[in-house]
Amino acid sequence: MEQDMEELSRLIDTADRVVLFTGAGISTESGIPDFRSPGGVWTKMAPIDFRDFMRSDEARRETWKRRFAMEDTFRQATPNRGHRACAELIRRGKATSVVTQNIDGLHQDSGIPDSKVIELHGNTTYAHCLDCKQRYEIGALRVDFEQDNIIPHCACGGWVKTATISFGQSMPVDEMRRAEQETLLADLFITLGSSLVVYPAAGFPELAKRNGASLVIVNREPTGLDRIADLVLHRSIGETMGAIAGVE
Ligand code: NAD
Ligand code: ZN
């Protein structure tokens, strides 16, 4: 192993409580594009703000059009070596939780119990009514949308949206609280595949560092927090974390 990987291995061996903090970059090797890589989604289109979603049919239609266009990608994606490495560190009891910005459900699919995956930005693999919280399945909504031009809405009159947190929408209170608790207890905080520019999520690695934990960043490109990290690995996640956790 090269020196930076040896160093990360050593930090993991000597840590008592590791928190794994993941972003879209851990899922690119499963075929789901991220936002901020060169050529990523946002180099092509701006995000739709939650307030616009609530205000206009046009914004709702565009939001759902984009979501359905991604459906085959999300449905077919399976966990990759990076997800399996996280699952292995959790299984060994070395890592206590995965705090994720991802909305694809792949950490849970890799075998990590739901109780140990903290989703900061929700989940896009299903939808719910914003008023009564009734759950809806994406596949059924898509048929109505594509065949009958129906914008997803609930029997109660509420709008139906994927169970994700959009820009302009408030953060989930319970998940934020649990992520903070886990961060404050960690002695090693490892971020995997996040550009670390989206707040409040990117506040957690900062908090860990201020609280005395070691901070490690694994990301192909430079991130917003490289300058405060104890160790930065500009490497691919699957290969790097797979070798370190000893999984294929
Ligand atoms: P981001 O797109 O801002 O940054 C991803 C980072 O990962 C980039 O800096 C890129 O260099 C790096 N990267 C990509 N593939 C990598 C690999 N294989 N190995 C190492 N590094 C790699 O992602 P973000 O910080 O998570 O912010 C995007 C927001 O969009 C998140 O809040 C998330 O909710 C959402 N999102 C989620 C998904 C998903 O669930 N898979 C996908 C796209 C966007
Ligand atoms: Zn409803």
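Which of the 26 residues around ligand 1 come nearest? They are Arg36, Gln101, His121, Ser195 and Glu221. The model is predicted, and every value below is computed from that model.

Start with the ligand. The shell around ligand 1 divides by class into six nonpolar, 13 polar and seven charged residues. Glutamate 221 uses its side chain instead, with an N or O atom 2.6 Å from an oxygen atom of ligand 1. Taken alone, ligand 1 exposes 850 Å², and the protein buries 97% of that.

Now turn to charge pairing. Side chains of opposite charge can pair when their charged atoms come close. The cut-off used here is a side-chain nitrogen of Lys or Arg within 4 Å of a carboxyl oxygen of Asp or Glu. By that rule the structure has 20 salt bridges.

Take helix H3, residues 57-69. Glutamate 62 and arginine 66 form a salt bridge, with 3.0 Å between the closest N and O atoms. Why are these two separated by about one helical turn? Because they are four residues apart in helix H3. Glutamate 62 has 26% relative accessibility, so it counts as partly exposed. Arginine 66 has 23%, so it too counts as partly exposed.

Helix H5 holds a second pair. Arginine 91 forms a salt bridge with glutamate 88, and their closest N and O atoms are 2.9 Å apart. Both residues lie in helix H5, three residues apart, about one turn of the helix. Are the two partners buried or exposed? Arginine 91 is exposed, with a relative accessible area of 62%. Glutamate 88 is buried, at 14%. The cut-offs are under 20% for buried and over 50% for exposed.

Arginine 81 forms a salt bridge with glutamate 248, the closest N and O atoms being 3.6 Å apart. This pair links distant parts of the chain. Arginine 81 is in helix H5 (residues 81-91), while glutamate 248 is in the segment after helix H10 (237-245), and 167 residues separate the two. Glutamate 248 has 67% relative accessibility, so it counts as exposed.

Arg67, Glu71, Asp72, Arg75, Arg142 and Glu146 are linked in a network of salt bridges.

Finally, look at the backbone in the loops. Where is the cis peptide bond that has omega near 5 degrees? It runs from tyrosine 199 to proline 200. Proline 200 is in the loop between strand E7 (188-192) and helix H9 (203-210).

Two residues other than glycine have positive phi. For lysine 133, phi is near 70 degrees. Lysine 133 sits in the loop between strand E4 (122-129) and strand E5 (135-136). For asparagine 149, phi is about 60 degrees. Asparagine 149 belongs to the loop between helix H7 (138-148) and strand E6 (160-164).

Methods. Residues are numbered from 1 along each chain as its sequence is written. Chains are lettered from A and ligands numbered from 1 in the order in which they are written. This is a predicted model: local features need pLDDT of at least 70, side-chain atom pairs count only at pLDDT 80 or more; totals for chains, interfaces and linings use all residues. Side-chain values use heavy atoms; hydrogens and water are left out. Buried means under 20% relative accessible area, exposed over 50%, partly exposed in between (1.4 Å probe, protein chains only). A residue is near a molecule or strand if one of its heavy atoms lies within 4 Å of it. A polar contact is a pair of N or O atoms within 3.5 Å; within protein, one must be able to donate a hydrogen and the other to accept it, and residues adjacent in sequence count only if both atoms are side-chain atoms. Accessible areas come from the Shrake-Rupley method with a 1.4 Å probe; for residues, only the protein chains shown count as cover. Ala, Val, Leu, Ile, Met, Phe, Trp, Tyr, Cys and Pro count as nonpolar, Asp, Glu, Lys and Arg as charged, and the others, Gly among them, as polar.
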